[in-house]
Amino acid sequence: MIFLALAADYDGTLARDGRVDATTTEALRRLRSTGRRLILVTGRHLEDLRRAFDALGLFDAAVVENGALVFFPQTERVLQIGAAPPPALIRALQNKGVEDFSVGRGIVSTSEAHQTAVFEAIRELNLDWQVIFNKGAAMVLPAGVDKGAGLKTALAELGVSRHSVVGIGDAENDQPFLSICGCSVAVANALPAVKASVDMVTTADDGVGATEFIERWLDEGDRLFAQSIRRDAAPGETADPAI
């Protein structure tokens, strides 16, 4: 198998305390210089990501809002997956006393502590929306919208097969996109369930671990994956076609 792209989570994977250090940025730059594609996959809102990460231009695509939007830095094009948050949902959360939430183009983000109010609002309004948890956060999105759906959209636009992508992440909301990649990696600080489900685990945490993995890939090429990939394509699926 030849791997042509890296799909990476941001917080807790490339970034520590919200920032990507210079060593990790340089590793990403070196990987891109080999002709491989870079896709960022994050729960952050696009505007927040722009403020936090000044090397976003290195990426061919950024899946943001936990899959609700796909942004292409070179052209500034944005694709939205699913509907915008209904105003009725926002009003219902406010009426239930939920104050600490943010509204994106396709997502409502709040604390896991408010999950009861969120589920009640969705049920009372009969919305086809879901709640995705991420290390204490609760993200409210249209049904079927997650990081996996966002990555599939990005790859289709780039003309890259998911089987030729290496995914790297750390949290429960990363599992939908890690599970569709040809090879999956967890950084050492990843949740135990994530580490148990992937093909490789780094020895270091967050950006240091991501850099460790990228440097090994640059040094060893695709030989790195020869003994690591535990999952094959699903029955009836080949390793070659695009999504």
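I looked up valine 131 first: its bridge partner in E9 is valine 140. E8 and E9 (residues 137–142) pair in the antiparallel sense over 6 bridges. Strands here are DSSP runs of E, at least two residues, and helices are runs of H or I, at least four residues, numbered from the N terminus; two strands pair if DSSP finds at least two bridges between them.

Helix H3 (residues 87–95) packs on this sheet and touches E6, E7 (108–111), E8 and E9. I read its direction at about 20° to that of E7. Contact means heavy atoms within 4.5 Å; axes are lines fitted to C-alpha atoms, for helices over the stretch in contact, with angles from 0 to 180 degrees between N-to-C directions.

This is a predicted model, in which local features need pLDDT of at least 70 and side-chain atom pairs pLDDT 80 or more, while totals for chains, interfaces and linings use all residues. Residues are numbered from 1 along each chain as its sequence is written, and side-chain values use heavy atoms, without hydrogens and water.

I traced the sheet order as E6-E7-E9-E8, open and antiparallel. E6 (102–103) and E8 (129–134) are the edges; each has a single partner strand, so one side of each lacks a neighbour in the sheet.

Helix H4 (residues 115–125) lies across E7, E8 and E9, at about 165° to E8.

Next I checked asparagine 173, in the loop between E10 (165–169) and H6 (175–178). Is asparagine 173 buried or exposed? Asparagine 173 counts as buried because its relative accessibility is 4%, the cut-offs being under 20% for buried, over 50% for exposed and partly exposed in between (1.4 Å probe, protein chains only). Beyond four places in sequence, its contacts include Ile132, Phe133 and Asn134.
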